[in-house]
Amino acid sequence: MGAQVGVADLVARAAAEHADAVLVSQVVTQRDAHLTNTQEMSAAFHAGFGLQRPLLVVGGPRFDPSAAHDLGVDKIFGRGTTPGEVASYLVHALAAPSEGAA
């Protein structure tokens with residue numbers, strides 16, 4: 001969608017596109033704004049979609065991959081991640097059977 005996309009615009013576009021996953025990269029941040037932005041985004045997706053929200057994936061050099069749960073996202077990719085690693089994660093996460101499926 002481009003640079004500096006607002007959270008409301010991101011949620012609206014994900015809904016319009018029936019997105020399975022939303023990937024957000026935050027490369028340049030000040031005063032840990034990437035953490036606040038990610039929590040805001042997660043809250044907006046939970047409010048807008050409930051349990052049927054798209055997979056939320058964020059990345060950037062200042063993210064700690066172990067903080068996904070605390071930030072309300074499904075996966076965090078940090079410094080040195082390759083596009084292939086992200087694609088592999090998406091394939092496996094989206095192809096996984098739903099909980100409770102027989």
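**Glutamine 26 and its surroundings**

I started with side chains, and found that those of glutamine 26 and asparagine 37 are joined by a polar contact of 3.1 Å. I kept in mind that this is a predicted model.

Next I looked for another partner. The glutamine 26 side chain also has a polar contact with the side chain of threonine 38, at 3.3 Å.

Where does glutamine 26 lie? I placed it in the loop between β1 (21-25) and α2 (33-49).

Is glutamine 26 buried or exposed? Its relative accessible area is 14%, and buried means under 20%, so I wrote down glutamine 26 as buried.

Then I listed what glutamine 26 touches, leaving out residues up to four places away in sequence. I got Ala33, His34, Asn37, Thr38, Gly59, Gly60, Pro61 and Phe63.

**α1 against α2**

I moved on to the helices. Two packed helices are described by the angle between their axes and the distance between those axes. For α1 (residues 7-17) and α2, I have an angle of about 40° and axes 10 Å apart. The crossing of α1 past α2 is right-handed.

Which residues make the contact? From α1 I noted Val7, Leu10, Val11, Ala14 and Ala15. From α2 I noted Glu40, Met41, Ala44, Phe45 and Phe49. Sorting the residues of this contact gave me 9 nonpolar, 1 charged and no polar.

Note on methods: Residues are numbered from 1 along each chain as its sequence is written. This is a predicted model: local features need pLDDT of at least 70, side-chain atom pairs count only at pLDDT 80 or more; totals for chains, interfaces and linings use all residues. Side-chain values use heavy atoms; hydrogens and water are left out. Helices (H or I, at least four residues) and strands (E, at least two) are DSSP runs, numbered from the N terminus. Buried means under 20% relative accessible area, exposed over 50%, partly exposed in between (1.4 Å probe, protein chains only). A polar contact is a pair of N or O atoms within 3.5 Å; within protein, one must be able to donate a hydrogen and the other to accept it, and residues adjacent in sequence count only if both atoms are side-chain atoms. Contact means heavy atoms within 4.5 Å. Axes are lines fitted to C-alpha atoms, for helices over the stretch in contact, and angles run from 0 to 180 degrees between N-to-C directions. A crossing is left-handed if the near helix is turned anticlockwise from the far one by less than a right angle, and right-handed if clockwise. Ala, Val, Leu, Ile, Met, Phe, Trp, Tyr, Cys and Pro count as nonpolar, Asp, Glu, Lys and Arg as charged, and the others, Gly among them, as polar.
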